[in-house]
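Hi,

Here is the structure I said I would pass on. Have a look at it, then read my notes below.

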Amino acid sequence: MIEKEGFPYKFDPEACKECEGNCCIGESGYIWVSLKEIDEIASFLNIHKDIFINTFLIKVGYKFSLKEKPYKNGYACIFFENGCKIYPVRPKQCRTFPFWDYFKDRVGELKKECPGVVEIGEKSEKN
């Protein structure tokens, strides 16, 4: 179990094996990437940074977001296909899920999305 100070829940990464990528699919939104992450992902994909930007990103104001694609009844990250195709270099936004400030007081909402979330004091199904 992974814990982060200030959060009223823990995260069991083993649940990712059983999940259908709920954190990568659903409602449309932004998947922010920094300039450093753009370089890292382009390098990982072995393509030029400009090709990566023009093919896989949208510009929103002065920031970049990964594109999305229609998926089931919603959307998915452009790199989601039965798992994350850029997992070793995924953006910080993805690496820090489910420990987002937004969810600190919305644990019920988070638990509907992520089967790996266990409230502190609650027993995991595996215990």
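This is a predicted model: local features need pLDDT of at least 70, side-chain atom pairs count only at pLDDT 80 or more; totals for chains, interfaces and linings use all residues.

Residues are numbered from 1 along each chain as its sequence is written, and side-chain values use heavy atoms, with hydrogens and water left out.

Phe79 also turns up in the largest nonpolar core, which has 17 residues. A nonpolar core is a set of buried (under 20% relative accessible area, 1.4 Å probe, protein chains only) Ala, Val, Leu, Ile, Met, Phe, Trp, Tyr and Cys residues joined through side-chain atoms within 4.5 Å. Among those with the most contacts inside this core are Val33, Ile38 and Leu57. Another core, of 10 residues, lies apart from it and includes Tyr9 and Phe103.

Now for the backbone. Most residues other than glycine have a negative phi, and most peptide bonds are trans. Here are the exceptions I'd look at:

- Asparagine 46 has a positive phi of about 60 degrees, and at 70% relative accessibility it counts as exposed (over 50%).
- Lysine 72 has a positive phi of about 50 degrees and is exposed too, with a relative accessible area of 61%.
- The peptide bond from phenylalanine 97 to proline 98 is cis, with omega near 10 degrees.

Cheers
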